[in-house]
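Try each one before you read its solution.

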Amino acid sequence: MIPTNYYLSMKNKLQITIMLLCCMAFVSNAQDRTISGKVYSLEDGIPIPGVNVVVKGTIIGTISDIEGNYSIEVPSDESILVFSHIGMIRREIIVGTQSVIDLQMEYDLQQLSEIVVVAYGTQTKQALTGAIGVVDESMIKNQQIVSVGRALQGTTPGVNVITGTGQPGENPTIRIRGISSINASAEPLIVLDGVVFNGNLNSISPDEIESINVLKDASASALYGSRAANGVLLITTKSGSRTGESKIDITASFGISNRAIPEYEFLNADEYMKLAWEALKFEGEEIADPDPGQYASDNLIDNLKYNPYGVNNPIDANGNLISGANLLWETDWEKELTRENALRQDFTLSFSGGNDKTQYFIFGGYINQEGQIITSKFERLNTRLNLETILNDWLKIGTKSAFSYSNQNFPYQEGLAFANNVQYIRSMSNIYPVYMRDEDGSLILDEEGNPEYDFGENQPGRIVNVNRPVLRPSNLVATTHLNDIQRQRYYTNLNGYIDITFLKDFSFRSNLSYEMYTYDRFDFENPDNGDGENVSGRVQRQKNITNAWTWYNQLTYDKTFGKHFISASFITETYNFKYEYLNAQKTGFPFNGLKEFNAAASLEDISGFTNQHRMFSLLGRATYNYDGRYYAELAIRGDKSSKFSPDNRLGTFTSFGASWILSNESFFDNVGTLSYLKLRASYGELGNNKILDKDGAEVYFPYISAFETGYDDLDNSGVFFNYLANSTISWEKVNMLNIAVDFGFFNDRLTGSVEWYDKLTTGMLFDRPLARSLGYPSVQENNGDLKNTGVEILLNSINFQRDKFTWNTSFNISFEKNEITKLPQEEILVGPLRLKEGSSIYEFYIEEWAGVDPEDGAAMWYMDEMDAEDNVVGKTTTKNYDEADRYDFGSALPKLRWGFSSEISFVGFDFAFLIAASHGGKVHDYDYANLMHGYNNMGYQLHRDILNRWQEPGDVTNVPRLNTGNSDVDQRSSNFLVDNTYVRLRNVTLGYSLGPTILSNSKVLRSLRVFVQADNYWTWSKNKGLDPEVNIKGLTNNRSSMFKTLSFGLNLGF
Amino acid sequence: MKKMNSHIHKAILIFGLVFISMSCNEFLDEPKPTTAVAPQDVFSSEDGVRAHFNGIYRNLRSQWQSVDGKSGGYTDTWGVVGINLTRVVKGTDIMIPNGWYQWDYRHQNRNSNYYKVRFIWDFLYENINQTNIIINGVEETDFPESAKNKFIAEARALRAWSYFNLIREYQHPYSVDPNAPGIPVYTEPASIESVGESRGTLQAVYDQIVGDLDYAVQNLDPGGERLLKSNININVAYGLLARVKLEMRQWEDAKNAAIAARNGYSLAADQYGDGFNKIENPEWLWGFPQRNDQTIYYGNPASFLDHFILGYNNAFANDDFVGLFSDTDVRNLFLAQFYGGAPTDYYYYITTKFVQNEDFSDDVVMMRAAEMYLIEAEAKAELGESDAGDVLFALQSNRDPNAVKSGNTGQALIDEILVERRKELYGEIGAGFMDIRRRQLPLIRTGNHPDVYRYNYPANSDIFILRIPQGEIDSNENISESDQNP
């Protein structure tokens, strides 16, 4: 590592400067003397405890005691004492010759929370020029979440949160201010305690979080440069306080969870059998059988393979159940495979406190949440130590360290695999039994007299109640219990920093953060049943280890000249990320009950690789403030990344923000009820370096065409060309303009903001499709523009504020518009979506359903009508799905979302609720479509809506005639496209706290609160069975659904 | 005070250095791909090229997903087996009324947006591009000329195999109309600038296929070693040429190629009943090996055809077909009433021709010497050569010690050969159905097919060809809706 000449000379200059500055600092340090005094409230003259008193430009500081008294040593007469306290206006006093300084402090109504965490530092809320959404501790506390991402839903305008699964511990999809990328990642950057986070979000406990700040515009996030284009989540963990008080807090809650939305409604077994007969009767008619009714009766069991009645030809030639036929079984697969009243337990214990030198926060948490699918579970243990101590008047050190372990029992609950329990419930009709049945329908028992699971297999000599046409061979009731699927995660974060103050105006921080995250996947297939049976059991184990470190060094200069305040920071940052993947698979377990590799006989697979990413960055920020009225901020980050070819490695990202607080102007004194008014604007550029491959995995060398290894032909190693690179590939850039107004009325009883943004992604990465016959699907190019625009409104009000009764409400609403403004070609089709200039990225372009022909019950779709010259002149219907044309049907993205929350406290009671809503997004419900197959999938489950099927000429209905042929009735079309507007009561909390008067008798107990929380207890949606929080693209995939949870809990403070 | 001063001095100095030291480029240059190699590395050595061939052969027999990775694969689209079995069930002899392959059996799987239609297209075109990468890459190396030619010959044979399989799915046989629309032909690897080709003509596709195979048989090493039977050697190339010429009704060429193909391979009646899962079988010219760690699991033919194992067990033998076999024929591997039922029930007969190995290590058959006898016999019969019947009987007598030579000639002999092809090759690569197509015969299903699938389709029915995948029409500027198959 040889520094360049440029840096050498810079180094010399820096050295000299620093030495000079140091000498000056210590000369003036020589004359310490003591100042003391008392701090009062201006309004009522009551002493204020806990006021921070600091000698400006040093870390010399103290805190006022319970009587408001303080005492501090100051170096000189020129020293400035800074008095600050959350919610009060900060005061600066020049010491001069005084030895006693008593001070009155004023409540600052304009500052709801004084300090806001921003990129590489903190700012006062007044000074912000960028758009930052804040979710504080109380908003997080009121929600029963496992993954913290969910706390953003409904609480922050401009943030779209979709959970999409009922498996606890899975993270929601989070999109900030629209979606700014199509083929690169659209995930926000997560920053934990100042450093980019590389673990899994579910490793963080909501209870250790002080706040989550959402950086939304360029001014707020430009310091994260090439990784910030999708917005940034700044997660800050709790720290102790310097008030001298030591606290112990215990929280325990216990709850039960159930599905928020009931499952689709299915046919019962009788109905299923009768309708199957009807479908077969039509089949008989089609092949001109002389007696179609008899044909259907004769062929019914032959087609379904199972006879739940135990009598021959249970449905007669007229479609009626013959007398004496009674159901011997009817399986409710939902009941068999899902949980009712899943349990939730949540315990936390924290110690926090400190004195004028040291503050600490020590945390331990445990959560255990069962999931919707049997055996599904999430368990997590968190520990954290945040400690900061002042060593002397120029040096402060601190650490934020955490360890977290979690284990997810994760039975399959998404996708097409046989083992997906949700798909299973929606595939197996009630006529199939859980346990094996003989020809007469009696249970077949094993030697010990126990029933045996039915896998629907063939059996020699048997033709009834075997050979199930649905998902054969399988029985998830058996294998979900007997198999073992676990996801263990270990996350360690060691984050240490040193703060040095020198001279009056300089400070320096060096921060080193090290992360190690291990993901351990364990999949065991039992040797007795299911997929593992043929190989006497199979175990797969995957260990992925992420090692990452970030080292940043920050030099900051703060200076006030009269009414001018200047702050500047210069930062270097080095980032190293390494990901090692190891996977192995073995089969052949001779002994039951063993699951580890040593117990298995033969190796089936072993593979491994390493990914690395490194960055080096230089950052700068300058802020200027004149008299608390005018603010300006400039931020620049230069990133060099190993992801790009040396020619394209450097990216520079700049932003500028300014604000004007009109209400601090003298002319503003008498503007009626308006108490606060601030205008903000920012403009800047951000980047996105997370390029994904065709499977959605991050690409670390997108500029290198590559042959992938691992395609071995027996023992001969093989490679396969699977990445056609564009050697000029580079960052996506996002240019963002943000204009906002912050306001307060009635002495800030009503506050809020209105923001407008325009976010333009340029050089957007595109998988430009090649003709499919070229044998390579697409090539990546920086060749597209995408625009996200939106308006966000936030309103907070303090409706009532008395000693014993307070009532606050908060409302936010976001309008978003997503529009492709440039494409490399006229249009690109991606599954059911079409990318086209002028429309959104999730625009449905699908076949249009034209209803059912009342004459013959056939399904119809629309197709273009052409004239002789092949021009489209209109549309006409077709009964051949292959001829159907595709049309635009609107976007999966909601037009607007809103959230409404309120908190009331009255005497000892507290009550809070949160409503989240989304309007206008479309969903194509494939899950429902599959349930409307009309017997083209014999034996598969059907929705009750099939009862409305066409039966005879003249029937007017939207459900086609039953048909055993490949009828296409369940194919993608506007028939299954639904409006996904919904309103959900995310949370209601009711608590009661014992009052201080009661507790004052207790020497030990500081606080006690009991509470009841209910999450997702009410949802309004036009759709049944479909959980509205399905998927950002509006596509279903047989996923488990959201929970509602009811919990009781207790907070104890000592 | 002095002590503290020096502390600060030092600390600041250290951090000053930190600012400066981290900007070196070596730090950023160090990360390198760990599982992929660049084209220049592959084509830097003959071993590198061989590795690409290995990768191609492996991919052909893999649990193939999809070319764009955005939708998962299906059990009936797992590589070559997916193509073979799709053809097997479209004919008259093997029945799959339910489960995987049922829509192919029912001839209800040809629409432009169905995954099977997309799979065959994408899978084979992916293979074509890989072969073009090899050809193009090898041409630019400085390997010895003979080594270059061998590599190119093998790649061209593989490319011809892909085009031949494609064209027969998406167009009627060559003999119907050589000027009918073909399929896009590429001889260069796809690049960032590539544009899709038009359908061209059937003739152009066959010209490409024949040109590739001619080159292959001229340049592949007679008697050359191969790593595995998955690799195309000169015998396989001749075998492919024989199939192509048979399709084109160029009987003389077909005959000669078939004779050359089976050179060194013999008939082994005693191994016919061994389960069709062993690549070592001396009859096999070409096949794909599998091993417990390199298998398509339940996608294997035995998963459908073998009823003694845990699998889909959904393929049955047609009773009229079973009736064609004598009791002493080694190929008479049928069991009646395995599940019970009456002879009219489609599940009355199962076949035990395919047996699943316990660890899914079933090898996949692609070409056998017996087929070459049959091609030779058919070509000779068409040419009116007198020993056509002898060639046929050489096979018949090997399979059945009690076989009696029919003495048929002319059309009767040809018909007999076509029946013999069904009997010999059932369940393998779909010869029965492809013969119906090639010979322009109607598809007539008799016997215990379920009533609803007892089809009677005329010769050259459009039902037999797949429609062009919608994705191709959408992404290829030179193919439009008007180019779609009827």
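**Exercise 1: a loop residue**

At 11% relative accessibility, Thr141(B) counts as buried, where buried means under 20% relative accessible area, exposed over 50% and partly exposed in between (1.4 Å probe, protein chains only). This is a predicted model, in which local features need pLDDT of at least 70, side-chain atom pairs count only at pLDDT 80 or more, and totals for chains, interfaces and linings use all residues. Residues are numbered from 1 along each chain as its sequence is written, chains are lettered from A and ligands numbered from 1 in the order in which they are written, and side-chain values use heavy atoms, with hydrogens and water left out.

Find where Thr141(B) is and what Thr141(B) touches.

Step one: look in the loop between helix 7 (115-139) and helix 8 (145-170) of chain B. Helices (H or I, at least four residues) and strands (E, at least two) are DSSP runs, numbered from the N terminus.

Step two: leave out residues up to four places away in sequence, and you get Phe43(B) and Lys148(B). Contact means heavy atoms within 4.5 Å.

**Exercise 2: an enclosed helix**

Work out why helix 17 (residues 431-438) of chain B is largely enclosed.

Step one: seven of its eight residues are buried, so the rest of the structure largely encloses helix 17 of chain B. Among them are Phe433(B), Met434(B) and Ile436(B).

Step two: look for the cover, which includes helix 5 (80-88), helix 8 and strand 8 (443-444) of chain B.

Step three: just after helix 17 of chain B, spot Gln440(B), with a positive phi of about 55 degrees.
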